[in-house]
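Welcome, and please open your viewer. We will walk through this structure one selection at a time.

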Amino acid sequence: MNIHEYQAKELLSKFGVAVPAGIPAMSVEEAVAAVGKLPGPLYVVKAQIHAGGRGKGKFKELGPDAKGGVRLARSEEEVRAAAQDMLGNTLVTIQTGPEGKEVNRLYVTDGVDIAREFYLALLVDRSTGRIAVVASTEGGMDIEEVAHSTPEKIHTITIDPATGLMPHHGRSVAAALELTGDLAKQAQRMLGKLYDAFLGTDASQIEINPLAVTKDDKLLVLDAKVGFDSNAMFRHPDLAELRDLSEEDPMEIEASKHDLAYIKLDGNIGCMVNGAGLAMATMDIIKLNGAFPANFLDVGGGASKEKVTAAFKIILSDPAVQGILVNIFGGIMRCDIIAEGIVEAAREVHLAVPLVVRLEGTNVEQGKAILAESGLPIVPANDLGDAAKKIVEQVKELEAA
Ligand code: ADP
Ligand code: MG
């Protein structure tokens, strides 16, 4: 689960991390009113979307010469103009994809005199199973580009969970940022606070880009992206409230209501599978047969009729889907019950695309019989390879026709 920059900064400041003063705004009037509450004379109006690259982004409605989603302003009038340009318009950045994201919230923040911009992130490094700190003097810009062209400028320091954060970690980070004296001390203190915030919130990522050194030698977080481990959100009801549903895919929200694990992908073959491993294998074998999955969908071990119906509806609400592959292993759930669910769901949603079903497991014969006797154009498959081949063939035939 991700949150907005302004929420991330409010959270980090509770842990004692230095951030500039700022006020979130949902309307032009709120943005203008924020000016009176900030020290000035420089303000920054920032579009709040769950994507980076806002500064270099472009608003669809404003044309290529207009400014992006991070704008300096020196007066109420300039704040008003920036807010009017941003609110309700669609910001396209390298991270949003070409469709962009509609801006519904702004953050009006204190403008800072920047001397240098660094990159500093804490994340869960899966290969070492540890929290890793990534630090670079090359902040502000596209860190992927830095990693690609000058990888030696990116320093990674992993933290052993048995010792937790030690003073030497802080010294390493300060050295990686080429800081000395008081700024090095500030970096060490900040790392301690970020580490506390990371553990205390069950974060999966805290990315600060840029971490700025101001002209008066203060270390300040100018942009923050914070994500949490969704599986731990039950421990943090206050953080769960920060979720902004307008930032999430409506189909994924619908799926989470039915306790289905659904992720939309770019292909045209909808998949309904039980178990994440089987779902991954199904996606792989679709690709092996020369097509692409339209989604990842795990209906879970105890796939009920209701869940199967909900899953069908979600798959079919994606206009890109030209065929569906159901691949279910009846372990906890019996195949005959699944088959009944499939038949009922297919009737209810007036299925208009080819449907290939592969069932295996308990009561598989009864299950296959139910599908065959349904009178619906369901194509049975004997195994996973057969199923993938059949659905890809069916969809290709339709495309050719
Ligand atoms: P994004 O990463 O989405 O483009 P940032 O918040 O990183 O957005 O802003 C982009 C750039 O704008 C920063 O690298 C920094 O140079 C400048 N900037 C952002 N916030 C401030 C601020 N409060 N004061 C001065 N400059 C800022
Ligand atoms: Mg940034």
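**A first pair to select**

Start with lysine 390 and aspartate 386, whose side chains form a salt bridge with 3.0 Å from N to O; a salt bridge is a side-chain nitrogen of Lys or Arg within 4 Å of a carboxyl oxygen of Asp or Glu. Both sit in helix H13 (residues 384-400), and because they are four residues apart there, about one helical turn separates them. Helices (H or I, at least four residues) and strands (E, at least two) are DSSP runs, numbered from the N terminus. Lysine 390 is partly exposed at 25% relative accessible area, while aspartate 386 is buried at 18%. Here buried means under 20% relative accessible area, exposed over 50%, and partly exposed in between (1.4 Å probe, protein chains only).

Before moving on, note that this is a predicted model, in which local features need pLDDT of at least 70 and side-chain atom pairs pLDDT 80 or more, while totals for chains, interfaces and linings use all residues. Residues are numbered from 1 along each chain as its sequence is written, chains are lettered from A and ligands numbered from 1 in the order in which they are written, and side-chain values use heavy atoms, leaving out hydrogens and water.

**Salt bridges across the chain**

Next, select arginine 54 and glutamate 5, a salt bridge of 2.8 Å, N to O. Arginine 54 is in the loop between strand S2 (43-47) and strand S3 (58-59), glutamate 5 is in helix H1 (residues 5-14), and the two are 49 residues apart. Arginine 54 is buried at 5%, and glutamate 5 is buried at 4%.

**Around ligand 1**

Now select ligand 1. Which residues come nearest? Of the 17 residues around ligand 1, they are Lys46, Arg54, Gly55, Val112 and Glu117; a residue counts as near if one of its heavy atoms lies within 4 Å. A polar side-chain atom of lysine 46 is 2.6 Å from an oxygen atom of ligand 1, and one of arginine 54 is 2.7 Å from an oxygen atom of ligand 1. At aspartate 110, a backbone N or O atom lies 3.0 Å from a nitrogen atom of ligand 1. To finish, color domain 1 (21-110) and domain 2 (114-239): each gives at least three residues to the shell around ligand 1, with domain bounds taken from an automatic or database domain assignment.

Terms used: Polar contact = N/O pair within 3.5 Å; in protein donor to acceptor, adjacent residues only side chain to side chain.
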